[in-house]
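My notes follow in the order I made them.

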Amino acid sequence: MIALRLNDLRQHSDIVRLRSGGSLMVRFVEPRDAESLQGYFRSLSVRSRYNRFLGAMSELPRTQLDHFIHVGEDDRFSVVATMLVDGIETVVGEARYAFEPDTASFEFGLSIDDRWQGQGIGQALLKNLECRAAAFGAKRLFGDTLRSNAAMIGLARKSGFAFLPSPGDWKLVRFEKHIDVAPQEIPCASWRLAAEQIVHHAAA
């Protein structure tokens with residue numbers, strides 16, 4: 001299992017600029033985020049939750065919420081995209097991802113709060129995930145979504161992903177992108193450091 005110490009998490013946050021001129025923080029989910037993360041999922045529209053979890057769900061079951069808030073459990077990671085709204089840190093998006101060293105593949109899923117869609121947050125978060133994938137040394141970035149999820153398909157197409165059938169489920173479509181970035185060209189220094197620490201933890 002990969003793990004980062006709780007006091008290390010904040011140093012791996014990224015500040016991402018939006019096309020509107022605003023900024024977005026992308027950081028690891030922490031145990032203290034459990035209530036706000038659950039509130040975020042409850043506030044999503046029925047369609048957005050269905051698209052995110054590929055089925056009907058009103059909130060995260062407790063066991064799944066526990067997985068979300070513990071970084072590195074089952075070698076999976078969760079991040080939230082937050083903005084300051086009236087001086088309060090507000091979750092406007094989230095993503096969960098995993099790196100498979102044997103295939104150099106980085107799998108992810110994400111969602112954006114319905115009230116904040118159409119403002120470039122999804123594109124900014126996806127770009128940050130590409131950075132995280134490169135820091136891990138991934139050569140392939142991919143995800144699966146419902147064929148009816150026009151928003152995610154449009155975001156992936158705009159971000160340069162190719163499309164192919166998802167293995168084993170005709171209702172899904174897979175979008176993937178090949179990554180060819182030299183380590184010294186990784187655009188976020190904090191994630192070069194994070195990847196080095198993760199490799200160190202895994203080898204220990």
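**Entry 1: helix α5.** I began with α5, residues 150–158, where the buried residues are M152, I153, L155 and A156. Buried means under 20% relative accessible area, exposed means over 50%, and partly exposed lies in between (1.4 Å probe, protein chains only). Helices (H or I, at least four residues) and strands (E, at least two) are DSSP runs, numbered from the N terminus. Viewed down the axis of α5, the buried residues fall within an arc of 160°, so they line one face of the helix. I took the arc from the directions from the helix axis to the C-beta atoms. On the face turned away from the buried side I found the exposed residues A150, A151, R157 and K158.

What do the buried residues of α5 pack against? I listed β5 (105–112), α4 (121–136), β6 (140–146), β7 (162–165) and β8 (172–178). Contact here means heavy atoms within 4.5 Å. G160 follows α5 and has a positive phi, near 90°.

**Entry 2: ground rules.** The model is predicted, so I noted that local features need pLDDT of at least 70 and side-chain atom pairs count only at pLDDT 80 or more, while totals for chains, interfaces and linings use all residues. Residues are numbered from 1 along each chain as its sequence is written, and side-chain values use heavy atoms, with hydrogens and water left out.

**Entry 3: the cores.** Next I checked the largest nonpolar core, which has 40 residues. Such a core is a set of buried Ala, Val, Leu, Ile, Met, Phe, Trp, Tyr and Cys residues joined through side-chain atoms within 4.5 Å. Its members that touch the most others are L24, Y97, F106, F108, L110, I121 and W191. Two or more residues each come from β2 (23–28), β3 (76–85), β4 (88–100), β5, α4 and α5. The largest share, ten residues, is from α4.

I then picked L24. Leaving out residues up to four places away in sequence, L24 touches D14, I15, V16, L18, A81, T82, M83, V92, I121 and A124. Another core of 13 residues lies apart from the largest one; V29, L37, L44 and V80 are among its members.

**Entry 4: helix α4.** I looked up the span of α4. Its 16 residues reach 23 Å from first C-alpha to last, close to the 22 Å expected at 1.5 Å a residue. The expected span is 1.5 Å times one less than the number of residues. Is α4 mostly covered or mostly open? It is mostly covered, with 14 of its 16 residues buried. G137 follows α4, and its phi is positive, near 90°.

**Entry 5: the sheet.** I traced an open sheet of eight strands in the order β1-β2-β3-β4-β5-β6-β8-β7, with mixed pairing. Two strands pair if DSSP finds at least two bridges between them. β1 (14–17) and β7 stand at the edges with a single partner strand each, so one side of each has no neighbour in the sheet. Neighbouring strands are turned by 30° against each other on average, direction ignored.

β7 and β8 run antiparallel and are joined by four bridges. I noted F163 with its bridge partner F175 in β8, and A162 with E176 in β8. These two strands form a hairpin with six residues between them, and G168 in the turn has a positive phi of about 85°.

α4 packs on the sheet and touches β1, β2, β3, β4, β5, β6 and β8. Its direction makes about 160° with that of β5. Axes are lines fitted to C-alpha atoms, for helices over the stretch in contact, and angles run from 0 to 180 degrees between N-to-C directions.

**Entry 6: single residues.** I checked A98, which sits in strand β4 and is buried at 13% relative accessible area. Its C-alpha is separated by 4.6 Å from that of R76, 22 residues apart along the chain.

Most residues other than glycine have a negative phi. I found L54 with a positive phi near 60°, in the loop between α2 (46–53) and α3 (62–69). L54 is partly exposed, at 38%. A104 has a positive phi of about 55° and lies in the loop between β4 and β5. A104 is buried, at 18%.
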